[in-house]
Amino acid sequence: MLFKDLRKGLAVTIGYLFRRPVTVQYPDEKLIPPVRSRWRHYLGVFPDGKIRCIDCGLCERVCPPKVIKIIPVINEDGTKSAGKYEIDLGRCMYCGFCVEVCPELAILMSSEDYEFANYDRDKLVYQKESLLKGRNKDNE
Amino acid sequence: MSDAVIGALIFLVKFFLLFAIISVFVLYATWYERKVIGHMQQRIGPKRVGWHGLLQPVADMIKAFFKEDSIPRDADKLFFWSAPVIGTVFAMMAALAIPFGPPLVLFGRHITLDVVHLPSGILYMLAMLSLVSFGVIFAGLSTKSKYPIIGAQREVAQVISYELILATALLNPVIMAGSLDLTKIVDAQSHLWFIFYQPVAFVCFLISMFAVSARVPFDLPEAENELVAGFMTEFTGMKFSLFYFAQYVVIFTVSMLAVIFFFGGWLGPSFLPPVAWLFIKWAFFIFLYTWSWGTFPRYRYDQLMNISWLILLPIVIINILWTGFAIQFGLPYLH
């Protein structure tokens, strides 16, 4: 019959017209990110609440855009830990090298916190206090 | 009150009624098309402004009002200002002659349901429809910018392709009805719609119908992914919206023509009023426009010229000869 190509195309689109749309209306409905996805960084702590970081400086050194800054403190027992820990997430490229290189599992990437967009660049510089919150389902 | 005053009043009422119908159609056609196209691509379409995005067209209109009105430095001011007006005015003038139903008798007066009733209505409508393209051509040439000029050149190529087919395809129903009056053409279909006598002419008309309104398989003057927005690249705000208005009025008018000429106009079973039947059939054509928009890629303008001059024109001419022959010698023809 005539116009076979046109009729085939029209049949496809009319079929899709009655299919469910795949759109997710983002702020109203949210997808659950995969378990192994890696988003914002967070600092690991021991069960007693002590920070795991020993200030070896490897993450500072391996970070390609150099966004990690640590100021150490010396504890009473002579060990070192991070007094200040700062990541500029506005410049971070999320390569995950810091997580990979860390010998103490002190810096990790959250598997669920992906909404940290901000209108102010300065607010993207995360300090130790806000970095302590976070969890990774894959590590649990 | 004298007869002339009442006549003028009736004219004004009919005119504003038509204007209201067309304005509502244009507003909600944009919403409806975005919605249907969206669902064809498994998206949702407008959803946020109002219930299921029903206030989206109003929001778009407010936005268009407050847009910056910019005119290119080298533009020809007179033509730049008149181009959107020309398109809209002639498109509206074509719509004036659409009959929306059989003539009424109200308070002893004979009222036709078109704003102006002309004994040769189809000639008038075709003339006005071809004048609409001058708006597009002026828009393209007056801006002195490269994309609009390419758009205007394509429009010229498109006009010389579809005009002839549009008129000659409609000639077949005209021959069969023996009249240029749109009401009489509908009356002539009371036994059987002309689509069943003239399927070939209908296909030719359908193809030129997409070309006349510059919609998707033939949206050459405003090829969005090649020419930014084609002839209306340099237009902003309300001038830009007026081009859309003109385009949707042309779609409205041409779909009505298709219904009147091939699908028996307002004829239908009597459980619905005639106007309802007209608009039900018309809605099918409006859907056809959206459907093809969601489906087809664009033709090149040389392909369009080949289609019309080398394929459609010989077919239509043979069809006209055959129609004349069949009527002259009384070949099977229900009466």
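**Figure 1. B:Met61, a partly exposed residue in helix α2 of chain B.** In this predicted model, B:Met61 has a relative accessible area of 38%, which makes it partly exposed. The helix that holds B:Met61 is α2, covering residues 56–65 of chain B. B:Met61 and B:Gly237 are separated by 176 residues in sequence, yet from C-alpha to C-alpha they are 9.0 Å apart in space.

**Figure 2. Chain B as a whole.** The secondary structure of chain B consists of twelve helices and two strands, and, read from the N terminus, its elements follow the order α-α-α-β-β-α-α-α-α-α-α-α-α-α. The radius of gyration of chain B is 21 Å, close to the 20 Å that the globule rule gives for 335 residues, so chain B is as compact as a globular protein of that length. Its C-alpha trace spans about 60 × 55 × 45 Å along the principal axes, and 50% of the 335 residues in chain B are buried. Among the contacts in chain B with a separation of 6 or more, 76% are between residues 24 or more positions apart. Chain B exposes about 15,600 Å², of which carbon and sulfur atoms supply 73%. Its side chains include 20 positive and 18 negative ones, and the centres of these two sets lie 7 Å apart.

**Figure 3. The largest nonpolar core and the surroundings of B:Leu257.** In soluble globular proteins, nonpolar side chains tend to be buried together. The largest nonpolar core here has 84 residues, and those touching the most other members are B:Ile22, B:Phe205, B:Leu257, B:Phe261, B:Phe262 and B:Phe285. Helix α10 of chain B, residues 237–262, gives the most to this core, with 15 residues. A second, separate core has 21 residues, including A:Cys63, A:Ile70, A:Leu89 and A:Phe116. If residues up to four places away in sequence are not counted, B:Leu257 touches B:Ile122, B:Met125, B:Leu129, B:Leu170, B:Leu182 and B:Phe205.

**Figure 4. B:Ala201, a buried residue in helix α8 of chain B.** Helix α8, residues 199–212 of chain B, contains B:Ala201, whose relative accessibility of 0% means that it counts as buried. Apart from neighbours within four places in sequence, B:Ala201 is in contact with B:Ala169, B:Asn172, B:Phe262 and B:Asn319. The C-alpha atom of B:Ala201 is also separated by 8.4 Å from that of B:Ile315, a residue 114 residues apart from B:Ala201 along the chain.

**Figure 5. B:Pro119, an exposed loop residue of chain B.** B:Pro119 is found in the loop that joins β2 (109–111) to α4 (121–142) in chain B, and its relative accessible area of 63% makes it exposed, because the cut-off for that class is over 50%. Leaving aside neighbours within four places in sequence, B:Pro119 is in contact with B:Leu180 and B:Asp181. B:Asp181 is 62 residues apart from B:Pro119 along the chain, while the C-alpha atoms of the two are separated by 4.9 Å.

**Figure 6. Positive phi values at B:Val228 and A:Lys66.** B:Val228, a residue other than glycine, has a positive phi near 60°, and its place is in the loop between α9 (224–227) and α10 of chain B. At 48% relative accessibility, B:Val228 counts as partly exposed. In chain A, A:Lys66 has a positive phi of about 55° although it is not a glycine, and A:Lys66 lies in the loop between α2 (58–62) and β2 (68–74) of that chain.

Note on methods:
Residues are numbered from 1 along each chain as its sequence is written. Chains are lettered from A and ligands numbered from 1 in the order in which they are written. This is a predicted model: local features need pLDDT of at least 70, side-chain atom pairs count only at pLDDT 80 or more; totals for chains, interfaces and linings use all residues. Side-chain values use heavy atoms; hydrogens and water are left out. Helices (H or I, at least four residues) and strands (E, at least two) are DSSP runs, numbered from the N terminus. The radius of gyration is taken over C-alpha atoms; the globule rule is 2.2 Å times the number of residues to the power 0.38. Buried means under 20% relative accessible area, exposed over 50%, partly exposed in between (1.4 Å probe, protein chains only). Contact means heavy atoms within 4.5 Å. Accessible areas come from the Shrake-Rupley method with a 1.4 Å probe; for residues, only the protein chains shown count as cover. Lys and Arg count as positive and Asp and Glu as negative; His and the chain ends are not counted. The place of a charge is taken as NZ of Lys, CZ of Arg, CG of Asp or CD of Glu. A nonpolar core is a set of buried Ala, Val, Leu, Ile, Met, Phe, Trp, Tyr and Cys residues joined through side-chain atoms within 4.5 Å.
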